[in-house]
There are 2 protein chains.
Amino acid sequence: MQTPKKIAIVGSGLVGTLLAIYLKKRGHQVDVFDRSADIRKINFSGRSINLVMSNRGWKTLEDIGLREEIEKIGIPVDKRAIHKQDGELIYQNYGKDGECIYSLSRGVLNKKMIDLAEQAGVNFKFEQKVWDVDLTTATISIGETERGEWTTEDYDLTFGSDGAFSRIRHRMQRQSMFNYSQEFLEIGYKELHIPANENGTHKLDKNSLHIWPRGKFMLMALANLDGSFTCTLFMPHDGENSFESLKTKEELVNFFGEYFPDTKDVIPDLVEDFFKNPTSYLVTMKCFPWTYSDKVALIGDACHAIVPFYGHGMNAGFEDITVLNQMIDKFGDDWANLLNEYENSRKPNADAIAELSRRNFMEMSSKTADEKFLLQKKIEKWFSDKHPEKWMPLYSRVTFSLQPYSEALAIGDRQNEIMEEILKIDKIQEKWNSEEIENLILEKLNAKY
Amino acid sequence: MQTPKKIAIVGSGLVGTLLAIYLKKRGHQVDVFDRSADIRKINFSGRSINLVMSNRGWKTLEDIGLREEIEKIGIPVDKRAIHKQDGELIYQNYGKDGECIYSLSRGVLNKKMIDLAEQAGVNFKFEQKVWDVDLTTATISIGETERGEWTTEDYDLTFGSDGAFSRIRHRMQRQSMFNYSQEFLEIGYKELHIPANENGTHKLDKNSLHIWPRGKFMLMALANLDGSFTCTLFMPHDGENSFESLKTKEELVNFFGEYFPDTKDVIPDLVEDFFKNPTSYLVTMKCFPWTYSDKVALIGDACHAIVPFYGHGMNAGFEDITVLNQMIDKFGDDWANLLNEYENSRKPNADAIAELSRRNFMEMSSKTADEKFLLQKKIEKWFSDKHPEKWMPLYSRVTFSLQPYSEALAIGDRQNEIMEEILKIDKIQEKWNSEEIENLILEKLNAKY
C-alpha cells in the first residue's frame with residue numbers, strides 16, 4: 001500500500017480519467033481538472049476519428065475490472081472492408097478467428113469513464129483552466145485566461161494528461177535539457193457522417209473498418225452503436241486533390257462522384273457536413289523527460305501524441321497506465337524512482353508506435369489497393385497459420401499482443417525484409433503457398449534470427 | 001527602392017544589429033528592442049565561446065561596407081594547434097596559404113556593432129521586454145514580466161532575432177502546421193580563462209585555435225585582443241569525466257593534471273573559474289515556417305540554433321541577412337513573397353549546418369587525436385593542392401567558400417566515402433602521396449560525379 005497522497009490530474013480525457021480510477025483505488029485523493037464543461041451535460045461535439053480499442057487498451061481496463069462495462073458500448077471489428085474505386089469490395093481479416101478490435105465513439109466512451117471514475121470516488125473539477133505548474137512543488141495555477149488572475153492549489157503530485165497541447169508540458173519545455181519536437185503532417189482530416197437506416201440498422205457492414213484507399217488520400221468509416229458511422233476523410237491540406245482544392249459544392253460533389261462513387265447513397269449530408277465541419281490537423285509530438293522529480297509527470301498524448309493511422313493513440317495512453325501501475329507495485333512510496341523507471345521504460349515504445357503510426361498512412365491509403373501488398377498479406381497469413389510460433393504479422397503484434405511496441409517494430413522490419421525477398425521470386429503469384437516458399441521463409445528466419 | 005516601413009527587430013545581438021543596419025540603409029525606420037541593458041554601459045559578463053568569423057560572415061559585412069571596421073577587432077586564426085595528452089603539439093592548417101578565420105570576442109564585437117548601427121540611424125530600445133507579437137498585425141507586446149501589465153507598439157513588420165529561446169517564435173509555435181524541435185546535447189560547456197602575460201602578450205600562439213582533444217571531452221582556447229584567451233571546456237553533464245563528477249577542488253585539479261597537464265601554468269584561476277562559472281547547455285533547435293505573411297519573420301538563432309562545433313552560428317545568421325537582402329533586391333515591396341522565398345531557400349541550408357555542427361564535435365574531440373584522421377587530412381590537402389578544381393575539403397567548403405551549406409554537406413559525404421576507401425588500401429601510410437593514389441582518387445571522382 002502506498003502512503004495516500006493528494007494528486008491532481010490535469011485533463012479529463014480517456015487517459016486522465018482512467019489514471020484517476022487507478023490512483024483512487026490505490027488510496028490517493030484524486031482531483032481531475034478540465035478546462036471544458038462536463039461533457040455529460042453538454043451537447044458534446046466530440047469532433048474525432050472513432051476510436052478502436054485493442055488488446056493493450058483492454059488489458060488496462062481488465063486489470064481494474066472495467067472491461068465488461070466498456071465492451072457493452074463497443075462494436076467488434078474483425079476486418080478491413082476495402083472499397084475499390086471500381087466498386088469492388090475486398091475483405092481482409094485483421095487477425096485470426098475471434099481476434100478483433102472494437103469501434104468506440106470517443107464521446108460515449110469518455111462520458112462512461114467519467115461516470116465510472118465518479119463512482120470510484122474521484123473528484124472532477126470542470127471548467128477550471130490549469131495554466132501552469134510549479135515543477136518543484138506540484139502546485140498548479142488556475143484562472144479564466146492565460147493573462148488574467150490565477151489562483152493556486154497545492155498538491156503532492158500533478159499529472160499532465162492534457163493532450164498534445166499540454167500546458168503541464170509547456171512548463172517542462174522551458175527547462176534546460178528538455179527535448180521536444182512537434183511535426184505536422186501535410187495531411188489533414190475532416191469528419192463526415194453516415195446516418196443509420198430508418199430502422200436503426202447500419203448501412204454498411206458494422207463489423208468492418210471501411211477504407212476507400214486512393215493513394216494520397218482516403219476515406220474511412222467506423223460504426224457507432226446507434227446505427228450510424230463516423231467517416232473521416234484524410235487528404236492533403238494543399239495541392240491537387242486537397243481540402244484547399246475543394247472550394248465549391250460542385251467541386252466537392254464531382255470529387256466524391258469520381259473517387260468515392262459508392263458513398264453517394266450513404267452520406268446524404270456530404271455538402272453540408274463538408275463545409276460546416278472544420279479541417280483538423282495531424283501532429284506527431286515527442287518529448288523527454290516526461291517527469292520531474294517526484295512531483296510532476298506527463299502521460300498519454302501530453303508526452304507522445306501520434307497520428308491516428310494505427311488506431312493506437314488511446315491504446316498507447318492506456319498502456320502508460322499499465323506500466324505506471326507496475327512501477328507502483330515495484331517501487332511503492334519511492335515516487336522519484338517510480339516515475340523515472342516509468343518514463344525510461346515507456347519512451348522507446350512511445351517512439352516506436354509513433355513511427356508505426358506514421359508509416360501506416362501509406363499502408364492504409366496506398367498499399368491496401370495494391371495487388372502485391374495483398375499477396376504479401378496472404379502469404380504472411382498462410383505462413384503464420386502454419387507456424388504461429390515463428391511468425392506473427394506486425395499488425396497482430398501491435399494490436400493483438402502486448403509485446404513492447406519497440407520490439408514489434410524491430411521484428412516487423414525484419415519480417416518485411418524477408419517478404420520483400422519472397423515477393424521478388426519468379427511466378428510467386430502461382431506458388432505463394434507451396435512447400436518451396438514455406439521452406440524458403442523458414443530458412444531465411446533461421447539464418448537471421 | 002522599397003517603400004519605407006516601420007520595422008521592429010526583437011533582439012540586439014549580432015544578427016539583429018546587423019539586420020538593423022541593412023534595413024536602415026534600405027530606408028526603413030528601424031527600432032531594435034532588447035530585454036537587457038545596453039551592453040556598452042554595463043559590465044558585460046558575456047559568457048560565451050569565442051566567435052569565429054569566416055567567409056560567409058565577412059561577405060555580409062563587406063556588402064554593407066563594414067568589413068574593415070570589424071577586422072580591426074579580430075585575430076586571424078589559420079590553424080588548429082592540437083595539444084596531445086603526452087605534451088606533443090601538432091599544427092594543422094585550416095586551408096590554403098592566407099586562408100584563415102578570425103577570433104572575435106562576442107562582447108567586443110556586439111558593442112562595436114551597436115555603435116555602428118546607431119551611427120547608421122537605428123533606434124535601440126534597451127530594457128524593453130517583448131513578450132508577444134500579433135502575427136496578423138506585427139504589433140508587439142512589451143512589459144516588465146510575463147504575467148504583468150503589457151503595453152503594445154504597432155509596426156508594419158517585426159523580426160525576431162531573439163535567439164534560441166525566441167519569444168517571437170514562441171508565438172508562431174502555437175499555430176497549427178508549425179514544425180518545431182529542440183534537442184539538447186549530453187555535453188555542456190564551461191568558460192575558463194587564460195590571462196595575458198604581464199607584458200600584454202599571449203601565453204600561447206594567438207593565431208591558432210587550441211584544442212585538447214580527449215575523446216568524450218575537450219578543452220579549446222581562442223585568443224582575445226587583450227592578450228588573454230577564452231577557454232571552453234566541453235564535457236558530458238553526467239557520468240565518468242563529467243561536470244557532475246568534478247565536485248571538489250581536488251577532483252578538479254587531479255583531472256586537469258591528468259588530461260590537460262600543459263594548462264597548469266596558463267590557467268592560474270582554474271579552481272575559482274570552474275566553480276564560479278555556470279555550466280551551460282548546448283541545444284539544436286529547428287523549426288518551420290520562419291515567417292508569417294508579410295508581418296513577422298525569424299532570423300538567426302531564433303529559427304536555427306546550432307551547436308558551436310563548426311563555429312558557424314553567427315556566420316549562418318549573417319548569411320540569412322545576405323539571402324534576405326538578395327530577396328529584397330528581387331521582390332522589392334512584395335514582402336509576402338520576399339519572406340516566403342527567404343525561408344524556403346534558407347531552410348535546407350540551416351538544416352545542413354546544424355548537421356555539420358553536430359558531427360564536428362566528434363571531429364574536434366576524437367578525430368583530431370587520431371592518426372588515421374590526420375593522414376586523411378594530409379591526403380586531402382595534398383590532392384586538393386594538385387587538383388584544386390576537383391577537390392575542396394569539406395572544412396574549406398563550409399568555411400572559406402560561399403557554397404550553400406546543403407551542397408557542401410552532400411559533396412562532403414561523397415568525399416568521405418572516397419577517403420574511407422583510400423584509407424583501407426594496404427600500406428597507405430607509405431604511399432599516400434604516390435601517383436597510384438592520385439590516379440585512384442581521380443578515377444573514383446570520375447566514376448561517381
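I began with a term: a salt bridge is a side-chain nitrogen of Lys or Arg within 4 Å of a carboxyl oxygen of Asp or Glu.

**Ground rules.** I am reading a predicted model, where local features need pLDDT of at least 70, side-chain atom pairs count only at pLDDT 80 or more, and totals for chains, interfaces and linings use all residues. Residues are numbered from 1 along each chain as its sequence is written, chains are lettered from A and ligands numbered from 1 in the order in which they are written, and side-chain values use heavy atoms, leaving out hydrogens and water.

**Entry 1: salt bridges.** I looked up the total over all chains and found 70 salt bridges. Side chains of opposite charge can pair when their charged atoms come close. I then picked one pair in chain A. A:Lys59 and A:Asp63 form a salt bridge, at 2.9 Å from N to O. Both residues sit in helix α2 (residues 55-63) of chain A. They are 4 residues apart, about one turn of the helix. For my notes, helices (H or I, at least four residues) and strands (E, at least two) are DSSP runs, numbered from the N terminus.

**Entry 2: two domains in chain A.** I noted domain 1 as 6-43 + 106-182 + 284-360 and domain 2 as 370-448. These bounds come from an automatic or database domain assignment. Over C-alpha atoms, the centres of domain 1 and domain 2 of chain A are 37 Å apart. Domain 1 of chain A brings 13 residues to the contact and domain 2 of chain A brings 10 residues. Contact means heavy atoms within 4.5 Å. The two domains of chain A bury about 980 Å² between them, with 61% of it on carbon and sulfur atoms. Buried area is the accessible area (1.4 Å probe) that two parts lose on being put together, summed over both. A:Tyr310, A:Asn349 and A:Leu356 supply 45% of the area that domain 1 of chain A buries against domain 2 of chain A, more than any other three residues. I also counted 1 salt bridge between these domains. A:Arg359 and A:Asp413 pair in a salt bridge, with their closest N and O atoms 2.8 Å apart.

**Entry 3: chain B against chain A.** I found 23 residues of chain B in contact with 23 residues of chain A. The chains bury about 1,900 Å² between them, and carbon and sulfur atoms give 44% of that. B:Arg147, B:Met177 and B:Gln182 supply 35% of the area that chain B buries against chain A, more than any other three residues. I saw 2 salt bridges across this interface. B:Arg174 forms a salt bridge with A:Glu146, the closest N and O atoms being 2.8 Å apart.

Entry 4: Most residues other than glycine have a negative phi, and most peptide bonds are trans. I found a cis peptide bond between A:Phe288 and A:Pro289, with omega about 0 degrees. A:Pro289 lies in the loop between β18 (283-288) and β19 (291-292) of chain A. In chain B, a cis peptide bond joins B:Phe288 and B:Pro289, with omega about 0 degrees. I also looked up B:Ala138, whose phi is positive, near 70 degrees. B:Ala138 is in the loop between β9 (130-133) and β10 (140-143) of chain B.
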